[in-house]
Amino acid sequence: MKFRTDIEGLRAVAVLAVVGFHVGIPYFAGGYTGVDVFFVISGFLITGLLLKEIRETGRVRIANFYARRARRILPSAAVVLIVTLAASWLILPPLRRPDVAWDAITSAFSAANWRFIAHNTDYMAAGQSQSPLLHFWSLAVEEQFYLLLAPLLWLLARTFKRLIGPVLVLVTAASFVLSLYWTQLNQPLAYMASPTRAWQFGLGGLLALVAWAPRGKLTSHALGVLGGGAIIASVVLFTSKTPFPGWAAALPTLGAVAVIAAGPSGVVGRLLSAKPMRRLGQLSFAWYLWHFPVLTLADAWAGQLSWPVKAVVAVAALLPAWLTMKFVEQPLRYARALKDGARPSLNLGLAATVFPVVIALAVGSGSLREMTTDLTNLQLVGAKSGSHLITDPVGGPVPSPLKASADYPKSGDCEVRPDGTTSPACLFGDTGAKGRVVLFGDSHADEWFPVAKDIARQHDWALEDLTKMGCPPAQMSVFNPQLGRTYTECDAWRDNALKRIAAGPKPKMIIVGSLNMYGPSPQALADAWKPTLDALTATGAPVVYLRDNPKPDKDIPACVSGANDPSACDFPAAQALRPDLIADHPPKGVHVVDVDDVLCPPGTMCPAVKDGVLLYRDDSHLTNTAAALLAPRIEDQIRRLHVLK
């Protein structure tokens, strides 16, 4: 395990790919594969060091191994976590700070990937309210690899040393198969889960185990060129729509294996060993830690930045990266006092874990106290008509920003999750009800649950809730970012829901709602609506189409939590009111209800808070409070349509 200058340069390639992807530089759409290169490098180096120790001493000193990892990784990570928490307190609105605090806590404990998986975070989508610590998922995966590899090799070294190779092959193969399966099942889970990434570390480890070296310069040249070409191809050709990791991850992974196997003597090895590449490779760990918080917090402070500006910001992040490397990473890594036994380094690692956690708890609890206002006991009455939402406006905001983000419809588990294909028996009301009203659509239909329930209650009907997350009722196949693939479950659910509506007793009314942004164009969406609306009107029941609410495209509760005046969070009507051909030209048998005149009067800014009521719970959906207050207005419009019998 001699020092490899080419591997140091390969680190530079990996970090440039990742930074280019986060910046959004053209032709870097697949730059997230730089993480795969890092995984292979880690697998090769760490496994190689452990195997060297086994060959020389016949055992693995686990405490010493963890001590080296603690010195190398945890202090720098702690510095970045602490600075990011402080900057988040200054820059981010109060509602976002507790989330960042929890991200920091799980990052400090090397478990950030599982937190982001639990929250269905799509790493490759530049979504709203992106965590400045999202990139810590890969560091968590790497630490989990370290946590398990050393005990495994320790056990094999003490028992069946000859099984080291077969066991590594078995673990690598099993992880790869699991990666293929989970990528099809749930792509964000497969992307961030350590079991689906272990095969990349495993391939690097197997390369270290066989200690293969190219025979002749021609082989070295060929391997380096093929491997480098594979890495570049993945960066340039892959996009956020590429099913990943899955089979696609084999390209950058095998490319990294080939470059490492080629060694430093080939043409690619010599290029990677060049002084500028080595210098950047030395900085790669610190730059990786710093660039993402700097980019995301700059976006939060200055607004959405263009990629050239982001590139400048990312380059500026080299300064704190260099300072961290110079005054934290290298001094602690090579400090003689820390190398005398494992305990000093392990104590350092413990401190580097505890300090960010303590600060994160302070940031999170302080932000929650700052937002502790509760006006939910106010008795609000929705207006039937006019420009006001409620009869007596209040100071507000109601609900508070803290509660607004959790102000969902009280429909329980009736809104089917992405992996479901059939709605449960979601019937609300008395068993002896005189009929049923059906609520049908996606989450933008389910937000009208309090309206539909109130209509059903007034007429002694039952309410059947048939809704599914992110699934258009229009006959259109869509891509689901949570699953990372075509949303086949949506197509199956839609067919099942339409059959259920037709099979039961004729509904007294069918209320339909949906996000009106599916498909490539408004006309394509309108065409896809036709077979669905034909099936619904064929039941003989009146079909009420609720025009979609304005779409803010920004996290309204977070914005309001940090604004002195809620009007600072208002958004332009021109971008929020999307074309809706069904609402403008309803087919025969379809009745349109439209409340956008109160939510966003044409030609104005759409309010985030109206009459003291906080209207949105995120960047798209109405709060349950706002929807319930719109019930009298919607019921009055339905009554005037003469569809209630």
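A disulfide is a pair of cysteine sulfur atoms within 2.5 Å of each other. The close-ups below come from a predicted model, where local features need pLDDT of at least 70, side-chain atom pairs count only at pLDDT 80 or more, and totals for chains, interfaces and linings use all residues. Residues are numbered from 1 along each chain as its sequence is written, and side-chain values use heavy atoms, with hydrogens and water left out.

**View 1. A disulfide joins Cys414 to Cys426.** By the rule above, the count comes to four disulfides, and here the sulfur atoms lie 2.0 Å apart. The torsion about the S-S bond of Cys414 and Cys426 is about -105 degrees, so this disulfide is left-handed. Cys414 sits in the loop between helix H18 (401-404) and strand S1 (415-416), while Cys426 sits in the loop between S1 and strand S2 (427-428), 12 residues apart. Helices (H or I, at least four residues) and strands (E, at least two) are DSSP runs, numbered from the N terminus. Both Cys414 and Cys426 are buried, where buried means under 20% relative accessible area, exposed over 50%, and partly exposed in between (1.4 Å probe, protein chains only).

**View 2. Cys559 and Cys569 form another disulfide.** Their sulfur atoms are 2.1 Å apart, and the torsion of about -95 degrees makes the link left-handed. Cys559 belongs to helix H23 (residues 556-561) and Cys569 to the loop between H23 and strand S9 (571-572), so the pair ties together parts that are 10 residues apart in sequence. Can you spot how the two ends are placed? Cys559 is partly exposed, at 23% relative accessible area, whereas Cys569 is buried, at 0%.

**View 3. Cys600 is joined to Cys606.** The S to S distance is 1.9 Å, and with -65 degrees about the S-S bond the link is left-handed. Cys600 and Cys606 are both buried. Counting bonded cysteines along the protein chain, the disulfides follow the pattern 1-2, 3-4, 5-6, 7-8.

**View 4. The rings of Phe21 and Tyr32 meet edge-to-face.** A search of the whole structure finds 20 aromatic pairs. Here the ring centres are 5.4 Å apart and the planes stand at 75 degrees, so the pair is edge-to-face. For rings of Phe, Tyr and Trp (its six-membered ring), a pair needs centres within 6.5 Å; planes under 30 degrees apart count as stacked, over 60 as edge-to-face and the rest as tilted. Phe21 lies in helix H1 (residues 5-23) and Tyr32 in the loop between H1 and helix H2 (34-57). Phe21 is buried at 15% relative accessibility, and Tyr32 is buried at 0%.

**View 5. Phe39 and Trp137 make an edge-to-face pair.** Their ring centres are 6.1 Å apart, with planes at 90 degrees. This pair links distant parts of the chain, with Phe39 in helix H2 and Trp137 in helix H6 (residues 136-158), 98 residues apart. Phe39 is buried at 1% relative accessibility, and Trp137 at 0%. Ring pairs join these residues into a cluster whose members include Phe21, Tyr32, Phe39 and Trp137.

**View 6. Thr324 is a buried residue of helix H15.** Helix H15 covers residues 318-334, and Thr324 has a relative accessible area of 5%. Its side chain makes a polar contact with the side chain of Trp290, at 2.8 Å. A polar contact is a pair of N or O atoms within 3.5 Å; within protein, one must be able to donate a hydrogen and the other to accept it, and residues adjacent in sequence count only if both atoms are side-chain atoms.
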